[in-house]
Structure formats: C-alpha cells, structure tokens
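The following paragraphs lead the reader through one structure. Please keep the sequence and the model in view while reading.

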Amino acid sequence: MSLAFLTPTRPDESVFGAVHLGYLVVESQRLTSWHRFAADAIGLHVDELSADALRFRLDDHACRFLVRRGPAEDLMAIGWQVDDHETFDRIVRRVVDRGVPVAEGTPDEAALRGVERLWRFAGPKGIVQELYTAPVPAAQPLRMLSSGWVTGESGLGHVALTSRDPLGIHRFYDTVLDSRLSDYIDENVGGMPLKIRFLRVNERHHSVAVAHVPGLRADPVRTRAQHVNIQSASLDDMLATYQRVRELGFRMAWSVGQHTNDRELSFYCVTPSGFELEVGWNPIVLTPELEQSWQVLTHQGISTWGHRPVDPGLLDRLGQIRQAALNARRPEITVPGLSTPAGAPR
Ligand SMILES: [Fe+2]
C-alpha cells in the first residue's frame with residue numbers, strides 16, 4: 001500500500017486524549033426489535049435509513065450506533081474519532097509499520113456512519129477498528145425520550161470484552177492508541193476468579209474493559225463484546241430508562257448498582273442481539289489534575305452495592321456452559337502485529 005497519503009509525522013508521539021469512542025456497528029436480523037429497544041426503552045433518537053439499516057443518535061452526531069442487517073447478532077466494529085489529520089496519520093502509520101493491513105472505507109460506508117475520512121484495520125476478537133476524523137453533524141434536531149447523554153471529549157461510552165488474551169488486547173490499545181491502565185478489579189464469580197483491566201484513551205475512566213478468568217481456556221460469552229456502555233446526563237434519565245426497559249419487557253441483566261473503581265451508577269439490560277447494554281451515570285472523569293496524580297489500584301469486587309442478577313434463567317446458564325465449551329475449541333482472534341511489544345518476535 002502506498003503511504004504517500006500520510007503527512008510527515010512522528011509515530012511515537014502520544015495520541016492519548018486525541019481519540020474518542022465514536023460509534024459502534026452492530027449486525028442483526030432483529031431490526032424491528034432493535035428499533036423498539038433503542039427508541040422506546042433506552043430513549044435514543046432512531047433514524048430508519050432503509051429496511052436493512054438503523055442509526056441511533058445520542059447527540060448532534062448523525063451516527064452513534066449503526067445496526068445493519070446480517071446474521072451475526074454481534075458487535076462488528078468500533079469507530080474511533082480522531083481529533084486531527086496528523087494524529088490520524090500517526091495512528092495509521094503505527095498500524096502499517098507493524099505489517100497490519102489498513103483499508104480505506106468507501107464513500108458509501110463513510111456516509112452510512114456519518115463521518116469523513118474512514119479507514120479500518122483488524123482488531124482483537126474480530127472487532128474491526130475504524131478511524132475517522134470528523135463526524136458529519138446531523139441535519140435534523142434530536143427526537144428522543146432521554147434529556148441527554150454524555151459524550152464529547154469522553155466519547156460515546158465504553159466497550160467491555162471477555163478474553164483469553166487480556167494482555168494482548170492491552171498491548172493492542174497501548175500500541176495503537178497509547179491507552180493508559182486505569183485500574184483492575186478482582187471479582188469472584190461462582191468460585192472462579194475474574195480479573196478485569198480498564199483502559200482509557202482520554203478523560204473517560206475507561207473506553208475499553210477486558211475481563212478474563214486466569215487459567216480458563218474457555219470464554220463463556222458468545223458475542224465479541226460482553227457489554228457496551230452509554231452515559232445518561234442525569235440520574236432521573238437513567239432511572240426512567242431502567243423503568244421503560246422493565247415495562248416494555250426487555251430483559252434486565254443486572255439491577256442498579258455502583259461500581260467500585262469509576263463509581264459509576266448503572267444497570268445492565270440485554271440488547272436484541274444478546275450482548276448487554278450498560279446505562280450509567282456520573283462516573284469519575286480523569287481531569288488533567290486527576291490524571292497527574294492517578295494511581296493504578298486493584299479494587300476488590302465489581303460493585304460497592306447493587307448490580308444483582310435479575311431473573312437469572314437456568315437456560316441462560318446452560319447456554320453459557322455450552323458456549324464456553326464451544327469457544328474452548330476455537331482460538332480467539334488476535335492481531336499479533338499490534339499485540340506484541342515493539343521489537344518482540346511476532
Ligand atoms: Fe461497563
């Protein structure tokens with residue numbers, strides 16, 4: 001691939017703070033259910049682009065979620081918004097220099113996502129990583145039940161993955177986006193130790209979380225993402241959303257509770273594609289002052305209170321055991337070129 005499009009840049013200069021979780025791409029056959037879930041339960045602005053594509057808005061960006069028709073029922077891609085062209089080139093250069101192919105999105109793909117300058121490359125667990133510079137502002141005013149969502153510098157929210165290669169994912173985001181480790185949580189689930197690491201790329205406490213069970217070869221989660229998170233502007237909004245999810249009969253996974261590390265108040269419901277959506281409020285923001293003095297701690301337990309399982313079904317648990325057995329035979333998708341320390345054999 002020609003690198004002539006890249007402006008002169010110093011690839012090792014940090015891009016921390018100049019990258020923000022922009023949008024998520026989901027593939028699903030259940031578009032009717034996704035429409036109702038997003039608009040009527042969560043309270044998002046929904047645009048029906050065609051019979052095969054829905055777009056959700058939380059703010060003035062035309063696209064924060066793209067749900068396109070397809071069989072996967074999963075999160076397919078993460079879109080990262082990059083502040084300027086130089087930073088964009090720097091990230092692309094890092095990926096290319098490590099031998100990982102980068103491809104330019106078509107004008108149609110960029111239009112579907114409501115962005116300019118779309119490029120993509122492979123990511124952990126098969127989640128495609130997309131980069132763009134500028135969102136195209138939406139032409140229409142927001143129509144949604146919620147009064148607002150916190151995005152801006154903090155980005156859309158976060159993505160939480162389960163992995164058998166947490167260090168590989170950590171190194172991937174370290175290499176590509178200069179992620180910083182915010183903290184760890186140690187938890188015990190059904191007698192098994194669970195370790196979660198939280199990575200930030202800007203003022204949001206974490207844009208990516210990676211959970212794994214040390215020593216376990218299996219991954220109990222079918223989907224590439226265990227959950228994705230968005231942040232309500234107010235506590236009233238968050239609780240009204242909780243109420244609507246219950247009233248409309250969508251599945252609730254975990255009741256309202258508060259996390260130990262970022263102190264976010266939240267609940268988890270199940271999206272029509274099976275992965276969970278966490279709706280949160282008021283997490284710690286790493287202001288420049290806090291960033292200076294931040295220390296990486298290991299917190300004991302995911303929550304200080306709440307986050308109790310809601311209607312846990314026997315079938316769910318049996319399904320998870322079956323899924324774990326299936327996944328144990330399938331290697332996890334990794335991107336070795338971007339997941340090994342610089343200079344190490346790949
Ligand atoms: Fe979360």
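At what angle do helix H1 and helix H5 pack, and how far apart are their axes? Helix H1 (residues 31-42) packs against helix H5 (residues 235-247) at an angle of about 130°, and their axes are 8 Å apart. H1 is therefore oblique to H5, since angles under 35 degrees count as roughly parallel, over 145 as roughly antiparallel, 65 to 115 as roughly perpendicular and the rest as oblique. In this contact (heavy atoms within 4.5 Å), Asp40, Ala41 and Ile42 of H1 meet Thr241, Arg244 and Val245 of H5. Three of these residues are nonpolar, one is polar and two are charged.

This is a predicted model, in which local features need pLDDT of at least 70 and side-chain atom pairs count only at pLDDT 80 or more, whereas totals for chains, interfaces and linings use all residues. Residues are numbered from 1 along each chain as its sequence is written, and side-chain values use heavy atoms, without hydrogens and water.

An iron ion is coordinated by His158 (NE2), His227 (NE2) and Glu278 (OE), at 2.1 to 2.2 Å; donors are N, O and S atoms within 2.8 Å of the metal (3.2 Å for Na, K and Ca). Along the chain, the donors follow the spacing H-x68-H-x50-E. His158 lies in strand S11 (residues 157-162) and His227 in strand S15 (residues 227-232), so the pair ties together parts that are 69 residues apart in sequence.

The structure holds zero disulfides, a disulfide being a pair of cysteine sulfur atoms within 2.5 Å. The sulfur of Cys269 is 19 Å from the closest cysteine sulfur, in Cys63, which is too far for a bond. Cys63 is buried at 3% relative accessibility, and Cys269 is buried at 0%.

Definitions and conventions
Axes fitted to C-alpha atoms, helices over the stretch in contact; angles between N-to-C directions. Helix = DSSP H or I, 4+ residues; strand = E, 2+ residues; numbered from the N terminus. Nonpolar A, V, L, I, M, F, W, Y, C, P; charged D, E, K, R; others polar. Buried < 20%, exposed > 50% of the residue type's maximum accessible area, 1.4 Å probe, protein only.
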